[in-house]
Amino acid sequence: TLLSIINDILDYSKIEAGHLNVTSTDFDLRNLIDDLRLLMAPIAENKDIALIVVADIEDPAVYRGDPGHLRQVLINVVGNAIKFTDQGQVILQVTTQKVDVNGMAQVQFDIEDTGVGISEERQAHLFDAFYQSDDPASRRPGGTGLGLTICKRLLEAMGGHISLKSSPE
C-alpha cells in the first residue's frame with residue numbers, strides 16, 4: 001500500500017511539473033485486457049464478487065498508444081470498482097468505437113458495478129486531487145485521493161477522456 005501511495009504521489013508530481021512522458025507504440029489490446037483480467041480476477045474472487053470482461057475488439061485494427069499508462073488507468077478504475085463493490089459484479093466492457101481508413105481504432109472502456117453508487121455532490125469532485133469519494137466513517141483502507149486525478153490527466157495526455165455516471169442506492 002505504501003509503495004502504491006508513493007507511486008501515486010510521484011506520478012502526480014510528474015504530471016504537475018509537465019514531465020509526463022506518453023509513448024505511442026503499436027500494442028496488442030487483447031493481451032493487455034487478458035493481463036488485466038488475470039491480475040484483477042483474484043482480487044474480485046477474494047471479495048466473492050464476479051469480474052466480467054467483455055471485449056468487442058475489431059480485428060485487424062491497429063491499437064496504437066501508451067499501453068503502460070492505459071494499463072495503469074484500467075487497473076485503477078477496475079480496482080476502485082472492485083474495492084467499493086461488496087456484492088454482485090464488476091463488468092469491464094471494451095468496445096472499438098471507430099476504425100479509420102488506416103486501421104487506427106478508438107476504443108471505449110465502460111466499467112459497471114453493483115456498488116452503492118456515488119452521490120451527485122461527490123461526483124462533482126471525484127477527479128479532484130486528494131479527494132476521497134467515500135464516507136470517512138466507512139473509509140476503505142489505502143489510497144491518496146490521487147488515483148482518479150492521475151487517470152484523468154493520463155487519458156487527456158493520450159487524447160482520451162474519463163467520465164462517470166452513478167446513482168446512489
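Start by selecting H3: this helix lies across E2, E4 and E5, running at about 20 degrees to E5. Keep in mind as you look around that this is a predicted model.

Next, hide the helices and look at the strands. You have an open sheet of 3 strands, in the order E2-E4-E5, with mixed pairing. At the edges sit strand E2 (50–56) and strand E5 (105–113), each pairing on one side only. On average, neighbouring strands here are turned by 15 degrees against each other, direction ignored. Zoom in on E2 and E4: they run parallel, joined by 7 bridges. For a landmark, click Val-53, which stands opposite Leu-92 in E4.

Which residues touch the most other members of the largest nonpolar core? Select Leu-29, Ile-33 and Ile-82: those are the ones, out of 19 residues in this core. Helix H2 (29–46), helix H3 (67–83) and strand E4 (89–99) each supply at least two residues of the core, and H2 gives the most, with 6 residues.

Stay on Ile-82 and show its surroundings. Leaving out residues up to four places away in sequence, Ile-82 touches Met-40, Ile-43, Ala-44, Lys-47, Ile-49 and Val-90. Apart from this core lies another, of 11 residues; to find it, select Val-77, Leu-126, Leu-148 and Leu-154, which are among them.

- **Asp-26 and Arg-64.** The closest N and O atoms of this salt bridge are 2.9 Å apart. It links distant parts of the chain, 38 residues apart: Asp-26 is in strand E1 (residues 25–27) and Arg-64 in strand E3 (residues 63–65). Asp-26 is partly exposed, at 48% relative accessible area, and Arg-64 is partly exposed too, at 43%.
- **Lys-47 and Asp-86.** Their side chains meet in a salt bridge at 3.6 Å, N to O. Lys-47 is in the loop between H2 and E2, while Asp-86 is in the loop between H3 and E4, 39 residues apart. You met Lys-47 already, as a contact of Ile-82.
- **Glu-156 and Lys-152.** This salt bridge spans 3.9 Å, N to O. Both residues are in helix H5 (residues 147–157), 4 residues apart, so about one helical turn separates them. Glu-156 is partly exposed at 42% relative accessibility, and Lys-152 is partly exposed at 33%.

Terms used:
Residues numbered from 1 in each chain as written. Predicted model: local features only at pLDDT ≥ 70, side-chain atom pairs only at ≥ 80, totals over all residues. Heavy atoms only, no water. Core = buried A, V, L, I, M, F, W, Y, C linked by side-chain atoms within 4.5 Å. Buried < 20%, exposed > 50% of the residue type's maximum accessible area, 1.4 Å probe, protein only. Contact = heavy atoms within 4.5 Å. Pairing = 2+ DSSP bridges. Axes fitted to C-alpha atoms, helices over the stretch in contact; angles between N-to-C directions. Salt bridge = Lys/Arg side-chain N within 4 Å of Asp/Glu carboxyl O.
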